[in-house]
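Q: Can you walk me through this fold? Start with the helix packing, then the sheet.

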Amino acid sequence: MVLSKTASESDVSVHSTFASRYVRASLPRFKMPENSIPKEAAYQIINDELMLDGNPRLNLASFVTTWMEPECDKLMMEAINKNYVDMDEYPVTTELQNRCVNMIAHLFNAPLGDSETAIGVGTVGSSEAIMLAGLAFKRKWQNKRKAEGKPYDKPNIVTGANVQVCWEKFARYFEVELKEVKLRDGYYVMDPAKAVEMVDENTICVAAILGSTLNGEFEDVKLLNDLLIEKNKQTGWDTPIHVDAASGGFIAPFIYPELEWDFRLPLVKSINVSGHKYGLVYAGIGWVIWRSKDDLPEELIFHINYLGADQPTFTLNFSKGSSQVIAQYYQLIRLGYEGYRNIMENCRDNMLVLKEGLEKTGRFNIVSKDNGVPLVAFSLKDNSCHNEFEISEMLRRFGWIVPAYTMPPDAEHVTVLRVVIREDFSRALAERLVHDIDKVLNELDTLPARVTSKISIAEEKEKNGTILVTKKSDLETQREITTVWRKFVMERKKMNGVC
């Protein structure tokens with residue numbers, strides 16, 4: 001969470017366990033202590049608290065890399081004190097970033113000449129990359145409108161309702177209207193035809209997702225490109241496309257090389273990708289690549305010289321670590337095309353193992369696609385007695401973190417569970433997860449129907465012999481469900497006994 005909160009008044013100190021060998025006094029929880037403590041005690045206190053965190057390897061909610069080779073870990077630790085922005089002091093690190101930008105640009109089929117340098121930058125993730133790409137589209141659109149003497153105060157961007165929250169942040173922070181194509185049953189990505197219908201003269205770009213967060217599906221960027229070319233011809237506009245390839249950018253080139261989604265399509269002007277997802281680097285690295293220099297307005301690039309030589313910069317923040325950039329370069333040269341292809345194929349194979357195991361239970365509908373990001377999104381065929389949220393909650397007892405969530409508009413009535421298959425998720429883990437899900441299902445079958453079926457959504461009142469039905473608000477219903485479910489769980493804990 002961005003916003004912090006304090007605990008209750010009775011919980012204002014941090015008490016040591018094994019660190020009591022070094023220090024006996026408790027530490028204030030939300031204020032800096034007056035006195036120093038031994039380094040061993042500080043380590044032990046923090047280490048003891050962190051034991052309550054989940055196991056990153058079993059966090060199946062996240063797309064973010066949770067394992068790297070020891071040699072890469074060592075490189076990262078050796079560079080952890082380097083500030084990436086100080087390019088004059090660390091020219092080799094800057095050179096490694098430039099190599100990464102060019103490698104990724106070629107991977108995305110950027111139209112570069114033999115000696116031409118790619119245009120792009122490393123970021124702290126795809127969220128920052130999307131902000132930068134969006135700013136470039138907005139500024140270029142504004143410059144064009146100003147030159148034509150037309151209003152430039154109401155820019156909009158067209159996306160699907162399935163976009164990640166960073167697109168909503170961009171729209172709100174930088175005052176751009178977000179026009180979302182609604183989803184529908186069985187179709188949980190942006191419909192290209194509907195997206196093009198929503199485009200108008202104020203549209204700065206259409207954002208396509210290569211790997212939806214909800215079900216891993218690739219949107220049809222080729223169809224979107226073709227439809228948008230026709231509309232541009234009819235209207236005289238030149239509405240471009242941005243591809244959010246945060247998850248799919250390091251997948252499609254290796255196992256779907258014939259799929260046209262990148263700079264092979266003329267309207268694709270920029271692409272972002274998360275190095276810390278299937279780029280196989282720990283959290284903290286993303287990339288944005290532009291088709292050409294013309295697609296990045298020069299006035300957005302700042303030049304500084306107070307760290308040494310003249311240094312161009314186009315980022316939202318200034319200082320950042322060098323470790324992730326170095327780790328990305330390590331992965332690109334260590335694995336090469338062959339290595340990335342092998343890893344992505346293995347992830348896809350393990351995804352199919354999990355999918356087939358879930359299908360054999362006969363209890364789930366699979367809502368993800370075989371071609372896309374290697375994940376399995378699935379929902380219960382019958383959720384009249386128990387739902388996906390209960391399965392998610394009960395799986396935590398086995399250490400698994402499997403998210404349950406509802407789809408965006410207009411498919412809010414669909415609830416799914418999602419398992420992301422990363423490099424460190426093996427076939428053995430996939431089989432074990434199916435086994436544990438089966439155990440959860442069997443236990444749920446022995447429990448009474450979920451509390452929502454026992455709660456009347458409407459209250460009946462009698463007036464003059466006539467029964468009036470007053471529908472409860474969503475908030476009232478949710479509060480009642482929560483209260484009854486909490487009571488049910490507490491009663492079960494009392495019966496089971498905890499020691």
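A: Helix H4 (residues 126-148) packs against helix H5 (residues 165-173) at about 45 degrees, with the axes 9 Å apart. Axes are lines fitted to C-alpha atoms, for helices over the stretch in contact, and angles run from 0 to 180 degrees between N-to-C directions. Helices (H or I, at least four residues) and strands (E, at least two) are DSSP runs, numbered from the N terminus.

A: This is a predicted model: local features need pLDDT of at least 70, side-chain atom pairs count only at pLDDT 80 or more, and totals for chains, interfaces and linings use all residues. Residues are numbered from 1 along each chain as its sequence is written, and side-chain values use heavy atoms, with hydrogens and water left out.

Q: Which residues in H4 meet H5?

A: Ser127, Ile130, Met131, Gly134 and Leu135 do. Their H5 counterparts are Cys166, Trp167, Lys169, Phe170 and Tyr173. Contact means heavy atoms within 4.5 Å.

Q: Now the sheet. What is the strand order?

A: S3-S9-S8-S7-S6-S4-S5, an open sheet of seven strands with mixed pairing. Two strands pair if DSSP finds at least two bridges between them.

Q: Which strands are at the edges?

A: S3 (119-123) and S5 (177-181), each pairing on one side only. From one strand to the next, the twist averages 20 degrees.

Q: What packs on the sheet?

A: Helix H7 (residues 221-235) does, touching S6, S7 (241-244) and S8 (268-274). The directions of H7 and S7 make about 170 degrees.

Q: And how many bridges join S4 and S6?

A: Three, in the parallel sense, between residues 156-160 and 203-209. Val158 has Val206 in S6 as its bridge partner.
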